[in-house]
There are 2 protein chains.
Amino acid sequence: MKTLANDALLRALARQPTAYTPIWLMRQAGRYLPEYNALRERAGSFLALVRTPALAAEATLQPLERFPLDAAIVFSDILTVPDAMGLGLRFAAGEGPRLERPLRDEATIRRLGAPDPARDLRYMLEAIGEARRALAGRVPLIGFAGSPYTLACYMVEGSGSEDWPALKAMLYGRPELLHRILEVNARAVADLLNAQIEAGAQAVMLFDTWGGTLSAARYEEFSLAYSRRVLGALKKESDGRRVPSILFTRGGGNWLEAIAASGCDAAGLDWTVDLDAARRRVGHKVALQGNLDPAVLLAPPQRVREEARHLLDAFGSAPGHVFNLGHGVSPRASIEAVAALVDEVRAYSGKVRARAA
Amino acid sequence: MKTLANDALLRALARQPTAYTPIWLMRQAGRYLPEYNALRERAGSFLALVRTPALAAEATLQPLERFPLDAAIVFSDILTVPDAMGLGLRFAAGEGPRLERPLRDEATIRRLGAPDPARDLRYMLEAIGEARRALAGRVPLIGFAGSPYTLACYMVEGSGSEDWPALKAMLYGRPELLHRILEVNARAVADLLNAQIEAGAQAVMLFDTWGGTLSAARYEEFSLAYSRRVLGALKKESDGRRVPSILFTRGGGNWLEAIAASGCDAAGLDWTVDLDAARRRVGHKVALQGNLDPAVLLAPPQRVREEARHLLDAFGSAPGHVFNLGHGVSPRASIEAVAALVDEVRAYSGKVRARAA
């Protein structure tokens, strides 16, 4: 393996000093990039793009060609896991994702099993291998999966939802069935992330996009307990270097202390969390990743720079901050805004560190 | 004015002891009730129901005929305010609300003015008067309005949204325009709530449904500052009795201390907040209202009772808790579940208080 030319992300995740605050963006390869839209067109569909390793690797690298980002994240989708379980993933035009065979009856749930990544999700592992080769050690490559709970949301509901009625009816009415799904998911996600690490992922991220829709009393039981199980089962090293894990929880601000104690190396924060308060709440237990409001990228570049400085100041100059948005890049974000953000984060944080040193 | 036969709500909002924990439910007059659906049918449309005082008063009382609730809330809609400002409210079948003339250009925003409640929202004030007469002192009647920020969300975007792109583009790109809208809204909402108090509302509630979509840094500036202005401008007494105010903030768990210091008598909590932790964070500064996951009402009655007891135990037996959901009753909620909830809250909390006394 080549050495890593830019290891700022891995150092920041390990709460080690860096010359500037590293930055990458959730959904950095996405519809705001014309070259991404062209590539998806060429692939024929979003799913074809995800399932073709050479094209997925190309998408992974696209944002790096435009912006001096400090990490790449493999281009894929969290719903490839329920798809590999046989639930039938489909993206209809203009709609969100759908699973054609959601889990509603006990017999189907009892039969549910974890996929074998090497067989059922080989395309994702190959995309990681190809992306690693193409990156040639420029920046680290992040692998990812949905949290067991977030996957279960889609697996029971069959699609995204404002209030998840089928899922919640199972959670409150037949909790043992949901626990069975979550156990399978925890195994599936741990297996997949470990396979990604073997394939070349240098950090891994767990997306708990919907954990924040749970009540305080049920979040620990149905979401965090299973994320903790995944984190505990992960390989900790690859090529003699620690493979850090990031647990992102949308709407998880209420539970930050518990998230920081889950076994992750970093907590990913949405934009509603005050970064300064978060730092004080978790101390130096974990690094923090986030958390600019993605809507800032709809504003003129000068305002983007101001908001970026504001957030960097809120965290302060201690190590352990990875700059990111609090959610994915919007298709409406402007390229000028993203360029201004990446430039400002590096320049301003570099200046602050140089002054502090 | 008749004396109030049941003042448990007002006492709990004032953090005074009560024989049991009072309960009412956001959207307690709603589509889960067949008699509500029949009434809406009779009115011709949701808006006609809202705009006809006799029918709105009838809707207000419907849930009280079924369940021994401790409060009524006037049947209306927060978007009557932008409608009265001339933005054109419309409810299309199967869709959420729409404003036909959203605020997008500076000239229109400069011309925006607060409505005169006595002239432009007379139907809401008359509905309050009729509902007060019909209640005849059984339980207190709650008036309400949307928070200045929540109203602005709809006024700029024109409809509900997942990420509010038009609103957020204005917030980050032309903040002075949004501040101008918020100033008008604060005046409009304070005027309306004061008119409601004069018309007979015995408590008032401010719904900040979308404040929780703001970043930590912007929540104070764009939402809380204007809610505080409204709360500060409210009449504090009617008929020689304090008129308490409740500030409900969906997704506001991160900012509970600031909300408790805003001048409200009670903070309304969504279901993601741990009630015990919230109590410890705000002390006895304000009462707390909430916060059962509305999805619990999709479960069998026995489970509903368990969840209700769990929440009552989390708060403990100190005064200052008003039981409610963390959001409105779902159209899919069962009447049996609601009946079980109301019964259990009164019976269990009464037993606990009697034991503690």
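**Ground rules.** Residues count from 1 along each chain as its sequence is written, while chains are lettered from A and ligands numbered from 1 in the order in which they are written. Because this is a predicted model, I took local features only at pLDDT of at least 70 and side-chain atom pairs only at pLDDT 80 or more, but totals for chains, interfaces and linings use all residues.

I looked up how the copies relate.

**Interface.** I found 27 residues of chain B in contact with 27 residues of chain A, where contact means C-beta atoms, placed from the backbone, within 7 Å. On the chain B side, the elements giving two or more residues are α10 (165-173), α12 (216-232) and α15 (301-315). I noted that α10(B) gives the most, with 5 residues. Helices here are DSSP runs of H or I with at least four residues, strands are runs of E with at least two, and numbering starts at the N terminus. By class, this side of chain B has 12 nonpolar, 9 polar and 6 charged residues. For that tally, Ala, Val, Leu, Ile, Met, Phe, Trp, Tyr, Cys and Pro are nonpolar, Asp, Glu, Lys and Arg are charged, and the others, Gly among them, are polar.

**Chain A overall.** I have 16 helices and 11 strands for chain A. Of its 357 residues, 56% count as buried; buried means 20 or more other C-beta atoms within 10 Å of the residue's own, exposed means 12 or fewer, and partly exposed is in between, with C-beta atoms placed from the backbone.

**Core.** The largest nonpolar core has 252 residues, and A:Ile142 and B:Ile142 have the most contacts inside it. Such a core is a set of buried Ala, Val, Leu, Ile, Met, Phe, Trp, Tyr and Cys residues joined through C-beta atoms within 7 Å. Beyond its neighbours within four places in sequence, B:Ile142 touches residues including B:Ile73, B:Val74 and B:Met205.

**Sheet.** In chain B, 7 strands form an open parallel sheet in the order β1-β4-β5-β8-β9-β10-β11; strands pair if DSSP finds at least two bridges between them. β1 (72-73) and β11 (321-325) stand at the edges with a single partner strand each, so one side of each has no neighbour in the sheet. I counted 5 bridges between β5 (203-208) and β8 (245-249) of chain B, and B:Met205 stands opposite B:Ile246 in β8(B).

**Enclosed helix.** Helix α5 (80-87) of chain B is largely enclosed by the rest of the structure, because 7 of its 8 residues are buried. Just after α5(B), B:Gly88 has a positive phi of about 75°.

I checked for cis peptides. One joins A:Gly290 and A:Asn291, omega about -5°, and another runs from B:Gly290 to B:Asn291, omega near -10°. B:Asn291 sits in strand β10 (287-292) of chain B. B:Trp164, a residue other than glycine, has a positive phi near 50°. B:Trp164 lies in the loop between α9 (148-157) and α10 of chain B, and counts as buried because it has 21 C-beta neighbours inside 10 Å.

Note on methods: Two residues are in contact if their C-beta atoms, placed from the backbone, lie within 7 Å.
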